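Okay, thanks everyone, let's get going. I'd like to walk you through one model today, side chain by side chain. Have a look at it first.

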Amino acid sequence: MVADEPGAGTGATTGGPGPRQAWAGLPWLVRTAVLWSACLVVVVVGLYLLGRIAVLLAPLAIALAATIFLTALLDPVLLRLRRLRLPASLAALLTVLLLLGILVGVGALVWNLTASQFDQLSQELTQGLDRSRDFVTSTLPVTDAQLDRLVDQARQGLSGSSPDPVAGARTVTEVLGSALLALVLLFFLLKDGRSMWHWVLSRMTGPNRPVVAEAGSAGWRTLGAYSRGTMLIAAIDAIGIGLALVVLRVPLALPLALITFLGGFVPIIGATVAGAVAVLVALAANGPTTALLTLAAVIAVQQIEGNLLEPLVMKRQVRLHPAVILVAVTAGTLIAGIAGAFVSVPITAVLWRIVDTVQRQRTAPPAVEVSGTPSTS
């Protein structure tokens, strides 16, 4: 019978080996590269699709990201209020009101002190750019005409991409709606977040439940440590650079300190941009000597922050390699603009901690039972 002939059904009738034999005949390095490449393509495509969906649902995505970030930031406040035996609803409401009070108070104080100085800040930046232009034309083989051409091209590009009034009004409406939605979601997450998580775990059965519980707890701890640590480091940077600007008598020290604080939430890139703005204002206001001193102060504060404060404030589980941070910030900016730059690093840190926890849980040896009780050692 044909079915009993050697090689039947294994690719011999087609004159060559079958797919399995061809795959097994490849070198192990080629097979490993193919498998890892396929996995990388799947992961990149999945992240790209999630990013595109987040862009399409930008107001909702921004509101959710801000809510989760603020919930992790304010969770210790909620726990302290709960230890006073306050009801969950009242503790959550007081936490949200405390956040609103801080934001409104700080915003009003900064506005009253700096609202009249932002026009001056724009003028100082313009003067700094003019001095920088003179320095470039005097030291580099670049003519004034070439610089004018580049500036005109940049100005035309910005004016061509500027939004119309209707789009601007729509953007303001979306921002206000996202802020209101974030506050409402913040109240409910503070009030019922833990019960929601317990409900999710209760629907899971089998050996995956402890892994998911441990990974979720690790990710939440990482997000909380990142949010609180980033805010503290940004505040320290702003205070240090602001005091240096006051000592050097650089004008607009408070607005520049505010820019430094906001830039601290975008690792590496934000601090660099904020420091460049401070140096540019110092150059325009007081000349190159003060600008160099300002640059030295900015570098000193950032070195103290990166080498001393960050290892102390940020836990080791939150720290990422600078190359990973740069790639994450760049990818987040390309996908979702400024909002993506703010949330890309915490998302990367949380995902890395979750993956690391799952891997350690799956490779850990099984617990040894003694007298019918699982070992916890």
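Let's start with R353 and D356, whose side chains are joined by a polar contact of 3.1 Å. By polar contact I mean a pair of N or O atoms within 3.5 Å; within protein, one must be able to donate a hydrogen and the other to accept it, and residues adjacent in sequence count only if both atoms are side-chain atoms. Before I go on, some housekeeping: this is a predicted model, where local features need pLDDT of at least 70 and side-chain atom pairs count only at pLDDT 80 or more, while totals for chains, interfaces and linings use all residues. Residues are numbered from 1 along each chain as its sequence is written, and side-chain values use heavy atoms, with hydrogens and water left out.

Back to our pair. R353 sits in helix α12, residues 322-363. Helices here are DSSP runs (H or I, at least four residues), as are strands (E, at least two), and they're numbered from the N terminus. R353 and D356 also meet in a salt bridge, 3.1 Å from N to O. The rule for that is a side-chain nitrogen of Lys or Arg within 4 Å of a carboxyl oxygen of Asp or Glu. In general, side chains of opposite charge can pair when their charged atoms come close.

The cut-offs are under 20% relative accessible area for buried, over 50% for exposed, and partly exposed in between, using a 1.4 Å probe and protein chains only. R353 counts as buried because its relative accessibility is 12%, and D356 because its value is 18%.

D356 has another partner. R360 makes a salt bridge with D356, with the closest N and O atoms 3.1 Å apart. R360 and D356 are four residues apart in α12, so again they're separated by about one helical turn. R360 is partly exposed, because its relative accessible area is 44%. Put together, R353, D356 and R360 are linked in a network of salt bridges.

How many salt bridges does the rule give? The count comes to five. One of them is R221 with E214, where the closest N and O atoms are 3.8 Å apart. R221 counts as partly exposed because its relative accessibility is 43%, and E214 also counts as partly exposed, at 31%.

Next, aromatics. Rings of Phe, Tyr and Trp (its six-membered ring) pair if their centres lie within 6.5 Å; planes under 30 degrees apart count as stacked, over 60 as edge-to-face, and the rest as tilted. That gives two aromatic pairs. F187 and F188 have ring centres 5.3 Å apart and planes at 70 degrees, so that pair is edge-to-face. The other, F261 with F265, is edge-to-face too, at 5.4 Å centre to centre and 85 degrees between the planes. F261 is partly exposed, with a relative accessible area of 24%, whereas F265 is buried, at 13%.

Now the nonpolar side chains, inside and out. The largest nonpolar core has 13 residues, and I241, L245, V250, L256 and A291 touch the most other members. A nonpolar core is a set of buried Ala, Val, Leu, Ile, Met, Phe, Trp, Tyr and Cys residues joined through side-chain atoms within 4.5 Å. Two or more residues each come from α8 (208-247), α9 (253-263), α10 (269-286) and α11 (288-313). Which helix gives the most to this core? That's α10, with five residues.

Helices α2 (28-56) and α3 (58-83) each give two or more residues to the patch, and α2 gives the most, with five. I53 is in α2 and is partly exposed, at 47%.

Last one: P76, in helix α3, is 152 residues from R228 in sequence, yet their C-alpha atoms are 10.0 Å apart in space.
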